[in-house]
Amino acid sequence: MKKKIFILTTIPALGSLVVINRVEPYVLGLPFVLFWAICWVCLTSLFLIIANKLDPNKEEEEL
């Protein structure tokens, strides 16, 4: 389980290391560089939420 959590938390770091230097292609009306950055911010949040759900040592908080 710890290996899955480790992989989920390293994927965003590896994906954000890719250097993209293109402005010309537009994705959803945004320059590709801006789309790439926004995409990885959203994916990082998603991966961390999944890793948090998979963590067996997580203690549930009482409200």
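Tutor: A disulfide here is a pair of cysteine sulfur atoms within 2.5 Å, and the structure holds zero disulfides. Cys42 is likewise in no disulfide, the nearest cysteine sulfur being that of Cys39. The model is predicted: local features need pLDDT of at least 70 and side-chain atom pairs count only at pLDDT 80 or more, while totals for chains, interfaces and linings use all residues. Residues are numbered from 1 along each chain as its sequence is written, and side-chain values use heavy atoms, with hydrogens and water left out.

In terms of accessibility, Cys39 is partly exposed at 26% relative accessibility, and Cys42 is partly exposed at 49%. Buried means under 20% relative accessible area, exposed over 50%, and partly exposed in between, with a 1.4 Å probe and protein chains only.

The aromatic pair comes next. Rings of Phe, Tyr and Trp (its six-membered ring) pair if their centres lie within 6.5 Å; planes under 30 degrees apart count as stacked, over 60 as edge-to-face and the rest as tilted. By this rule the count is one aromatic pair. Trp36 and Trp40 form that pair, edge-to-face, with 6.1 Å centre to centre and 65° between the planes. Because they stand four residues apart in helix α2 (residues 32-54), Trp36 and Trp40 are separated by about one helical turn. Trp36 is partly exposed, at 24% relative accessibility, whereas Trp40 is buried, with a relative accessible area of 14%.

Phe47 and Ala51 are also buried in α2, along with Trp40. Of the 63 residues of the chain, 11% count as buried.

As for the helix itself, the 23 residues of α2 should span 33 Å at 1.5 Å a residue, and its end C-alpha atoms are 32 Å apart, which agrees. The expected span is 1.5 Å times one less than the number of residues.

Within the chain there are two helices and two strands, and from the N terminus on the elements run α-β-β-α. Helices (H or I, at least four residues) and strands (E, at least two) are DSSP runs, numbered from the N terminus. In helix α1 (residues 2-16) lies Ile11, which is partly exposed at 31% relative accessibility.
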